[in-house]
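Let's take a walk through a protein model together, one region at a time. Keep the structure open beside you as you read.

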Amino acid sequence: MCGIVGYIGNSKASPILINGLLKLEYRGYDSAGIATIENNNISVLKNKGRVKEIQNMKEINYLESNIGIAHTRWATHGKPSRENAHPHLDNSKTFAVVHNGIIENHEELTTFLKNAGYNFLSETDTEVIPNLIHYYYSKEENNSKDRFVNAVRKAILDLKGSYAIEVLSSLESDRIIVARKDSPLVIGINGDEKYIASDIPAILEYTNNIYILNDGDLVEITNKAMTFYDENFKIIEKTPELITWDAKAADKNGYEDFMLKEIYEQPTSIRETIGTRLRPNEKCDFSEINISKEYLSGISRIYIVACGTAMYAGLASKAIFERLTSIPVEVDISSEFRYREPLIDENTLIIFISQSGETADTIAALKNAKAHGSKTIAVSNVIGSSITREADFTVYTHAGPEIAVASTKAYTSQITVLALLALHFAEILGSNEKELINNLKNEILELPSKASIVLENTELLKAFAKIIYNEKDLFFIGRGTDYAVSLEASLKLKEISYIHSEAYQSGELKHGPIALIEDDVTVVGFITDRRLVDKSVSNLQEVITRGAKTLLITNQDVSQDVFPNIVNIPKVNHLLSPILSVIPLQLLAYYVSKEKGLDVDKPRNLAKSVTVE
Ligand code: M6R
C-alpha cells in the first residue's frame, strides 16, 4: 500500500527521501514521487513505476533543499500514471501534498472546489486536499503567523475517510505540516533533524526516537521545533518512544531476499517472542495484560479475529486454547466479522491479530467489538500501531520488522505468543492439567533450537521445487492443527509463486476433492498428531493410488517405502507443531518462486499492510 516519507533538517533532503522510499518498497506500490522547495518554488519529480525511476532522473541532481516530502502510491482512485502519482499540487502550485488512505467524500469536495473555480488534473481522491488547503489559506488573514496550520486544520475537518498527509508550502518554506486519521504516521527525531514516515523501518537508520501519532493529531514541524495538536486542535505535549529494532534488521543482511532472511530469523524471533514470558519452572508472565480469574471464568467464548496469515495463526492456536481453558474458541476473518453482526457482548473476549497493526478491516472489527462491550486484546508486531492503541490490552510479538510481503516469522511468533497466552489463561483459571501445562512449557522453550534444525534440512525441498514449479494446481492436506498449517502453506504458495492450491481437511477428500486427483497431481501432507497417524497415512495412500505424487512433512514414524519424499521435523506436541511444520512449506514456496524467476519479496497485486478496506 502507499508509503510516506518526509524530511526537514540540515542535510540535503532528496537522498534521504529516496532512501526512505526504497525502504518502503516492500509495501507494494505502482508509482512514486518527491517534492522539495527550491528557491521558494515547489519542485516535484514523480512517475509511474519504481522509485529507481525518480532516482535516475537527471533533475534530482539539482535538488539542493533540506526539506521535502515523498510518496509511493498503490492505486485506488485512478490508474497508475504520472498524473495520478503523488505529490499533488493545488492549482497555484503553492501547496504540495502526499496522502495515504482514501477520501470518501472526494466527489462532493471536487464539486465544491470546481464551483469555486479550481481545476483538477488527476483522477485521484487526493487532489482535493492541496486545493482545499489553498482555498482556506486564501481566506486566512494575510499576516497571521498560523495561516498555514489553520488552513490545513480547516481542510482536514472537511475530509471524510482515512488519511495520513504531509503538506509543503512554497510560501512557508521552513516547515512541513502532517496529520493523520486511520492511517499510520510517525516522526523520528535526532537533534534538529526530523524524519517523517508511514512506517518505522523507513527512518530507522537515522533515529530510534520516534513519536507515534494518534488519530486526529496534527503537527507543525520546523527545523527548530515541533508543535503537536490533538484532534480538538489543542496544543499537546508528546514524548518519543525508543524503538529497539536494530536498523540492520530492516536490511537484507547478506540474504538474497527479505523473505529468506525472515524465514531464517525464526529461531531468533520465536526466542524473542518467548522472552521473559516463560522461564523454566515458573508461571507464565504476562504483566502487559490484566485479566482476572473472575473475568475469565465468566466468559462464554473467545473469538480470534484477523486477516490472511494472521487469521491462520489464530486457527492454528484454537486447539491449544480450547484444550487448556475449556472455553470455546471461534476464529473469524476481520472483513466478515465486522459486517456479520456476531453474537458478542461483555462476556466475549476477542483477540485481534495483526502483524502491522494497521489492517483496516481488523481495526474496524476491533472498534465494532468494543462498541458491543467485549474485552479486546491486540496481538501485534509494531509498537504503537493502530490496533494496539484501540485495544484494551496489547501483547507484542517480538519478531522484528517483517519486510517481505509474504508473512513468515510473524506467523510463527503469533502462534508462539498465543500458545503462551493459552497457558497463562489455564494458570489463571487454576487448571488441573499440570502435567500437560509443564510439558507444553518445556516444549515451547525448545522451539527455537528445533526451528534451527528444520532450517538445516533444505535439500529435498529445493529438489521438489524444481519438480513442481511449472504445475498449475496443488493440494495441501492435514487434520486438526495440520489442517490449519495446510491453509497457511497454501496461501504462501499462492502469494509468491502464483500457483493455485487448495487446503483440505484430509477426511474431507472423499467428499468431493478426490475427484480432482489424477496422474502426477501434487499433494502435500502434514502428519504431526500421533493420535491420527493411521488415518492420515490412509488418506495419503488414497491419493497415491490415484496417481498423485506426495511430499510429506511429519514428525511421526512413517514408512519411506510408501512416501518417497518425506521431510522429517523434530518431535513436538501437535498443539504446537504448526510453528515447526510450516517452515519447510515457507521454504518450498520460496524455492518455487525463485525457480520461476519471480520477485519473491514483492508479489504482484499485493501490499504488505492492507490499510484500505
Ligand atoms: O498486518 P496484518 O497481520 O494484519 O496482515 C494481515 C494479512 O494482510 C497478511 O497476513 C497477508 O495475508 C500476508 N501477505 C500473508 O503472507
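Predicted model: local features only at pLDDT ≥ 70, side-chain atom pairs only at ≥ 80, totals over all residues.

In general, strands of a sheet pair through backbone hydrogen bonds, either parallel or antiparallel.

Let's zoom in on one pair. Strand S6 (residues 95-100) and strand S7 (residues 163-169) are antiparallel and share six bridges. In this pairing, alanine 96 has leucine 168 in S7 as its bridge partner.

## A covered strand

How many of the residues of S12 are buried? Five of its five residues are, and the strand is mostly covered. The cover is on both faces: Leu218, Glu220 and Thr222 are buried on one side, and Val219 and Ile221 on the other.

S12 has strand neighbours as well. Five bridges link S8 and S12 in the antiparallel sense, and valine 178 has valine 219 in S12 as its bridge partner. S12 and S13 also run antiparallel, joined by four bridges; here the partner of isoleucine 221 is methionine 226 in S13. A hairpin of three residues leads from S12 to S13.

## Two residues up close

Valine 152 is part of helix H5. Is valine 152 buried or exposed? Its relative accessible area is 0%, so valine 152 is buried. Beyond its neighbours within four places in sequence, valine 152 is in contact with Ile133, Ile165, Val167, Ile177 and Leu218. Valine 152 and tyrosine 136 are 16 residues apart in sequence, and their C-alpha atoms are 7.8 Å apart in space.

Serine 81 sits in the loop between strand S4 (67-73) and S5. With 8% relative accessibility, serine 81 counts as buried, because buried means under 20%. Leaving aside neighbours within four places in sequence, serine 81 is in contact with Lys48 and Arg73. Serine 81 and lysine 48 are 33 residues apart along the chain, yet their C-alpha atoms are separated by 4.9 Å.

## Empty spaces

Rolling a probe the size of a water molecule over the atoms shows where empty space is left. The largest pocket holds about 540 Å³ of space. Its lining has 30 residues, and Cys307, Gly308, Thr309, Lys608 and Val610 lie nearest its centre. Helix H9 (308-325), strand S18 (348-354), helix H11 (360-371), helix H13 (409-429) and helix H16 (481-497) are the elements that each give two or more residues to this lining. By class, the pocket lining has 13 nonpolar, eleven polar and six charged residues.

There are also three cavities of 30 Å³ or more. Which residues lie nearest the centre of the largest cavity? They are Ser198, Asp199, Ile200, Ser356 and Val382, from a lining of 25 residues. This cavity contains about 260 Å³ of space, and its lining divides into twelve nonpolar, six polar and seven charged residues.

Conventions:
Residues numbered from 1 in each chain as written. Heavy atoms only, no water. Pairing = 2+ DSSP bridges. 1 Å grid on protein atoms, 1.4 Å probe; cavity = no way out; pocket = protein on both sides within 12 Å on 5 of 7 lines; lining within 4 Å. Points joined across faces, edges and corners; volume = space filled by probe spheres on them. Nonpolar A, V, L, I, M, F, W, Y, C, P; charged D, E, K, R; others polar. Buried < 20%, exposed > 50% of the residue type's maximum accessible area, 1.4 Å probe, protein only. Contact = heavy atoms within 4.5 Å.
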